[in-house]
Amino acid sequence: MELRVLQYFLAVAREENITRAAALLHVTQPTLSRQLMQLEEELGVKLFYRGRHSILLTEEGMLLRRRAQEIVDLTVKTRRELRHEEELISGEISIGCGETQNMRPFAGMMASFQREYPEVRFNVHTAIADEVKERLENGLLDMGLLLEPVEISRYHYLRMPLRERWQVLMRRDDILAEKETITPGDLLGVPLILAERLSVRNELENWFGREAKDLRIVSTCNLSHYNQMIMVESGIGVAMVMDFDCADERLCMRPIEPEMRGRCVLVWRKGRILSPLLTRFIAHVKSSLECV
């Protein structure tokens, strides 16, 4: 597969129309159609459902779109790294992170680094830990800010300063809002919105103990406090979340008892040759953490 053909494929997948994609790519429509057919022949799968006025991805096409985007992104990132190999004070650092309170001190470290090196740019990709780790393995990210529990044997890491505390997010008119803390028994029969990530759910179920088998789970979420807030406000259920700044006056949070806190780690792959820029940023983070 040629990179150029993958870029053609992504343009068609995005536009869902060969004529528009051909115009954007500055190629003729027959040329673009021929390249797509050759790509399907090369892969031995059908990538598109072709209609009279639109073209849609098959299941195989959706898988290729994800992989093709990763390949294109990695190519762009590699070119940038090579271009700035000798320039320690410029370039891009790609970081994956979950929704965590530790983003606040980490953002401060990013800001102070940029004040020292104004030409540096940060590319932040928000995702759950499993996706961040996959992108680290594929070379699409330089670093990851991960909430534990997470397997970090393949990574170098720095522990972030804040301990994340689990809370229950609920409406202010919920009867549970009258309590100062929430116990496992308080949540029996209550519609729950829990984390989608399996390792996190296992940790929460361990907190519930014997009560875990009787939980009423009505929804799972991978990320987005905003979406969880909307679901809770709409009356779908209460959500178990890591502590965050909730500005919605219709909602409130209560800590769980017994208390459960999590740690956050900044990781980067072992065995990888670090760019001068990334080496300098890691040193900056280490120095900043020593001052906390």
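**Salt bridges**

Modeller: Glu-2 has a relative accessible area of 46%, so this residue counts as partly exposed. Partly exposed falls between buried (under 20% relative accessible area) and exposed (over 50%), with a 1.4 Å probe and protein chains only. The model is predicted, so local features need pLDDT of at least 70 and side-chain atom pairs pLDDT 80 or more, while totals for chains, interfaces and linings use all residues. Numbering starts from 1 along each chain as its sequence is written, and side-chain values use heavy atoms, without hydrogens or water.

Glu-2 forms a salt bridge with Arg-4, at 2.8 Å from N to O. The term means a side-chain nitrogen of Lys or Arg within 4 Å of a carboxyl oxygen of Asp or Glu. The count by this rule is 20 salt bridges. Arg-4 is partly exposed too, at 35% relative accessibility.

A second pair to look at is Glu-134 with Arg-67, at 3.2 Å from N to O. Glu-134 belongs to helix H6 (residues 129-137) and Arg-67 to helix H4, and these distant parts of the chain are linked across 67 residues. Helices (H or I, at least four residues) and strands (E, at least two) are DSSP runs numbered from the N terminus. Glu-134 is partly exposed at 27%, and Arg-67 is partly exposed at 34%.

Arg-104 and Asp-245 also meet in a salt bridge, at 2.6 Å from N to O. Arg-104 is in helix H5 (residues 103-116) and Asp-245 in the loop between strands E10 (238-242) and E11 (251-255), so the pair ties together parts 141 residues apart in sequence. Both Arg-104 and Asp-245 are exposed.

Finally, shared partners join Arg-66, Arg-67, Glu-70 and Glu-134 into one salt-bridge network.
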